[in-house]
Amino acid sequence: MPNRARGLRPRYRSLVVAAVAALTAVLLPPAGAQGASPGKELPTESRPVYSYENAVRESVWVDTGLDGDADGRSDRVAVDIVRPREPARQGRKIPVIMDASPYYSCCGRGNESQLKTYDADGRPVQFPLHYDNYFVPRGYAFVAVDLAGTNRSDGCVDVGGRLDVQSAKAVIDWLNGRARGYTTRTGNARATAGWSNGRTGMIGKSYDGTIANGVAATGVDGLRTIVPIGAISSWYDYYFAQGAPLYDSGPEWLSGHVESPEARGRCAAVQQRLVDGAPRTGDWSKLWSGRDYVKDARKVRASVFAVHGMQDLNVRTKHLGQWWDALADRGVERKIWLSQTGHVDPFDHRRAEWVDTLHRWFDHYLLGYDNGIDREPMADIERHPDQWSTDRIWPPRTTHATTVRPGAGSAPGVGTLSLRPARPGTTETFTDDPAQSETEWAADLDRTTSAKAGFRTAPLTADLRLSGSSAVTVTATPTTSTAHLSAVLVDIGPDTIRDYGSSGEGITTLTTRSCWGASTTGDSSCFKETRARTTTVDRTVVSRGWADLGTYASPGQGRPLTPGRAVTITIDLAATDHVVPAGHRLALIVAGTDRDLIDPPDSTPTLGLDLARTSAKLPFVGGTGAFVRATTGSASATAVPRADDVQGVTPPRPAARVPGGGHP
């Protein structure tokens with residue numbers, strides 16, 4: 001994975017300098033409030049000096065310039081706004097924090113599934129999440145956009161395509177005076193954003209963060225930063241893993257799930273295009289090209305603060321890894337948080353630190369404050385529940401891909417993992433069992449079983465850290481014309497980890513609340529607190545990846561296999577950052593269907609692995625030398641807990657078809 005420093009690019013540095021200089025004229029509050037008096041130092045932190053209770057709450061409908069529902073009229077998307085009243089009275093303009101979402105009426109936002117609410121006249125009352133409560137008193141506007149076809153917007157949902165992305169991009173254009181807005185959904189009275197300075201930061205979890213990625217990939221002027229949380233970077237990779245289907249449906253199901261009842265009646269044509277353009281064969285199509293933001297990373301002008309759970313089995317960290325790599329290649333300013341959770345917002349697993357960090361991030365990139373956040377370590381990584389480390393650069397500059405190889409062991413299916421290639425002709429065999437998952441495979445690593453082939457190192461003599469994305473190249477001979485493969489990395493040894501397979505995906509929601517900002521009768525800033533939900537394990541799945549073996553010749557197109565004929569395929573594994581401690585062992589598992597995470601093939605194949613032509617490229621900090629040091633010499637295996645001490649991680653639940661799972 002490429003490593004790039006986060007220093008300011010020359011063009012952006014000049015913009016920041018200009019923005020800071022402009023603060024004294026247009027952004028600084030009166031003396032004694034948020035900023036400093038003339039002649040005093042510039043502020044480094046925005047303060048809650050504006051009234052939230054008396055804030056302006058209004059709705060605007062922005063013309064997207066598209067007619068997704070083909071009714072002969074350009075679609076308008078609903079934009080609910082809450083902003084402090086005082087700056088406009090003082091002739092000052094303010095920046096915007098935006099969350100564009102399809103979930104504001106169908107599913108809700110956050111751990112408590114909050115919806116937008118309105119008064120009898122249709123004016124917004126409740127804005128979900130804490131962004132409005134916390135940031136509006138500090139001089140920001142908060143803007144909540146209903147994506148086309150949802151809640152109070154016209155148009156149709158197209159699941160990450162042009163209609164979705166333009167829903168938010170048009171609002172940024174309106175904030176910068178480049179698009180038309182109206183005071184009602186159908187009227188002609190214009191609405192302008194004269195109160196806005198155009199500087200916008202987009203934030204959101206899951207689908208919302210995905211839209212932030214998509215808008216950033218358009219290069220729209222005015223978007224200064226994005227904060228995607230558990231976000232998709234390519235919609236193909238949400239529905240398929242190298243041709244292997246992850247769900248029993250395609251994007252048309254999601255579209256129907258989030259659309260407003262009104263939109264469902266007028267969007268049949270868009271729904272059909274989603275069906276036709278996303279065949280369940282797993283083949284790449286034009287539809288997926290239009291929803292691949294990674295290929296357009298060269299257009300990104302905004303800084304990116306990416307947040308992801310390393311055990312996210314909804315929006316898997318492959319999305320993070322490929323997006324991060326593409327941004328690094330183009331020198332985009334970046335910051336990253338990686339937790340041990342599943343699909344969980346950092347507000348619900350590291351609340352105080354998250355709010356503080358987000359505050360400083362927006363102050364720097366939207367207000368231009370020189371608070372030093374751009375010079376702090378790039379990465380925060382959760383090593384154990386609620387225990388975090390930092391890295392100046394992520395992955396560390398000393399990270400290098402190292403090729404490790406499986407070898408035969410003393411028993412069938414229980415092999416070795418080392419730098420030494422297996423002798424030609426060495427094989428292992430397994431039969432796909434759709435009833436088993438990575439949980440059972442990992443538990444059976446030291447036993448011969450028919451459903452998997454496992455390979456592990458000796459107990460390590462030193463800690464060994466993986467940081468970034470891995471790839472496993474497999475040469476396999478199937479007995480049938482269809483086959484799916486899984487490749488899984490496992491840390492064998494005792495630990496206490498977040499129970500990412502549980503319903504909370506690593507957190508337990510409490511009844512007590514903490515408050516983050518100001519409140520009104522209709523919009524409270526107080527949210528339920530959480531704590532880490534942990535479990536004791538004797539092995540931890542570190543990373544996984546899947547593929548349809550029929551895509552061996554082309555990742556974008558599958559073909560029938562010839563029984564008895566060997567083919568070679570490389571399986572991409574999800575990005576991670578994990579330290580395998582001394583005394584533990586690192587293992588690679590190759591198997592078939594990973595129950596509840598990919599769908600099984602049409603047949604039940606037996607596969608023979610050619611070990612001499614099978615290998616894994618793993619991103620070790622310290623490269624090959626670190627692996628050699630950790631696997632050389634003798635070490636006693638760390639004592640494995642007694643069976644009655646080991647609870648084990650909750651087996652993964654069937655993959656959710658909605659980005660956001662139970663709490664979008």
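F362 counts as buried because its relative accessibility is 0%; buried here means under 20% relative accessible area, exposed means over 50%, and partly exposed lies in between, with a 1.4 Å probe and protein chains only. This residue belongs to helix 12, which covers residues 351–367. Helices (H or I, at least four residues) and strands (E, at least two) are DSSP runs, numbered from the N terminus. Apart from neighbours within four places in sequence, F362 is in contact with I97, F135, Y140, G201, I203, T225, V227 and L367, where contact means heavy atoms within 4.5 Å.

The model is predicted: local features need pLDDT of at least 70, side-chain atom pairs count only at pLDDT 80 or more, and totals for chains, interfaces and linings use all residues. Residues are numbered from 1 along each chain as its sequence is written, and side-chain values use heavy atoms, with hydrogens and water left out.

The protein as a whole contains 14 helices and 29 strands. Its radius of gyration is 26 Å, which agrees with the value near 26 Å for a compact globule because the protein has 664 residues; the radius is taken over C-alpha atoms, and the globule rule is 2.2 Å times the number of residues to the power 0.38. Along the principal axes, the C-alpha trace spans about 80 × 55 × 50 Å. Of the 664 residues, 60% are buried. Among contacts between residues at least 6 apart in sequence, 78% join residues at least 24 apart.

The interior can be followed through its nonpolar cores. Such a core is a set of buried Ala, Val, Leu, Ile, Met, Phe, Trp, Tyr and Cys residues joined through side-chain atoms within 4.5 Å. The largest has 95 residues, and M98, M202 and W235 touch the most other members. Helix 4 (residues 162–175) gives this core its largest share, seven residues. With neighbours within four places in sequence left aside, the contacts of W235 are V159, G160, Y207, T210, L254, W288, R291, Y293 and P659. A second, separate core of 37 residues includes F430, V474, L489 and V567.

Several loops also deserve attention. S206 lies between strand 9 (196–205) and helix 5 (207–216). Although S206 is not a glycine, its phi is positive, at about 65°, and the residue is buried, with a relative accessible area of 0%. A70 is likewise not a glycine and has a positive phi of about 55°. The loop that holds A70 runs between strand 1 (56–63) and strand 2 (76–83), and A70 counts as exposed because its relative accessibility is 65%.

Another loop, between strand 16 (387–391) and strand 17 (399–411), contains P395. The peptide bond from W394 to P395 is cis, with omega near -15°. Further along, S503 occupies the loop between strand 22 (484–498) and strand 23 (507–515). At 57% relative accessibility, S503 counts as exposed. S503 is 161 residues from G342 in sequence, while their C-alpha atoms are 9.8 Å apart in space.
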